[in-house]
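Visitor: Please pick one part of this model and look at it closely. Then set it against the rest of the chain.

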Amino acid sequence: MPDEILPEENTQPADVAVHPDPAVLPDPEHDAQESAPPETPEPAATDAATPEAPVEGAETAAPAGPPKSWFIIHTYSGFEQKVADSLRSRAEAFGFAPQIGQILIPTEEVVELRNGKKVTSKRMLYPGYVLVEMDMNDELWHAVKATPRVTGFVGGGNMPVPLTADEVNSVLYRQATSADRPRPKLNFEKNENVRIIDGPFANFSGKVDEVNPERNTLRVMVTIFGRSTPVELDFLQVEKI
């Protein structure tokens, strides 16, 4: 009987696993990083209920109070600055300083001609009046009225009416702009008699025919060679007779 040809046996042991090429082996750590969800940073711990302790020795700011209003105080003429100083000292002495804000004596810069030179000086806008920023109440009203040389509040009554924002801004604006453009010290009206003190018509007299306050000029009717002639002059070139 011829020898039976048996199939070729697999000489590789069955329990030995066949591994693929190491170059294409998966990286467990890399796969874990790709498959894992991205980490979300933990929120910083805050303790809203417990305020931060103040630093020792540091001053804590006082809570802001209600806005103060501006009032006008009537004083003896010529004592405006004394009233302002006295009001400050009394406020400290009697304990109502926190209820007093700014104290303002409105002034403006004016220019005049002296000995042929322009001289600038300050002039009060409202002689006999002082503006005070206050948190008004009955007690403060009586304390301010009791200040020496104060005759009362403008507006009268038991509780004077404060100035409006537009009124305050108008005063502050006029005071600020006068430094850049001083006003003439004197104001003139039509038909006033004036004397020319500067220019080619110096020592002539005439009558004001027109006033231009924006340009600070006048048209004065001057008699020259027996005829009335209009001459345009600056406010600083004339004086009242």
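Guide: A polar contact is a pair of N or O atoms within 3.5 Å; within protein, one must be able to donate a hydrogen and the other to accept it, and residues adjacent in sequence count only if both atoms are side-chain atoms. Now take helix H3. Asn137 caps its N-terminal end. A side-chain oxygen of Asn137 lies 3.2 Å from the backbone nitrogen of Glu139.

The model is predicted: local features need pLDDT of at least 70, side-chain atom pairs need 80 or more, and totals for chains, interfaces and linings use all residues. Numbering starts from 1 along each chain as its sequence is written, and side-chain values use heavy atoms, without hydrogens or water.

H3 spans residues 138–145. Helices (H or I, at least four residues) and strands (E, at least two) are DSSP runs, numbered from the N terminus. Leu140, Trp141, Ala143 and Val144 of H3 are buried (under 20% relative accessible area; exposed is over 50%, partly exposed in between; 1.4 Å probe, protein chains only). These four cover an arc of only 165° around the axis, so they sit on the same side of H3. That arc is taken from the directions from helix axis to C-beta atoms.

What covers that buried set?

Now the wider chain. It has four helices and 12 strands. Of its 241 residues, 25% count as buried. Take contacts (heavy atoms within 4.5 Å) between residues at least 6 apart in sequence: 58% join residues at least 24 apart.

Strands pair if DSSP finds at least two bridges between them. E3 (residues 107–114) and E7 run parallel, joined by two bridges. Val110 has Arg183 in E7 as its bridge partner.

Two residues further along make a contrast. Thr217 belongs to strand E10 (residues 217–224). Thr217 counts as buried because its relative accessibility is 12%. Beyond its neighbours within four places in sequence, Thr217 contacts Glu210, Val211, Asn212, Glu232, Leu233, Asp234 and Phe235.

Asn203 lies in the loop between strands E8 (193–196) and E9 (205–212). Asn203 counts as exposed, at 68% relative accessibility. Asn203 and Val238 are 35 residues apart in sequence, with C-alpha atoms 9.5 Å apart.
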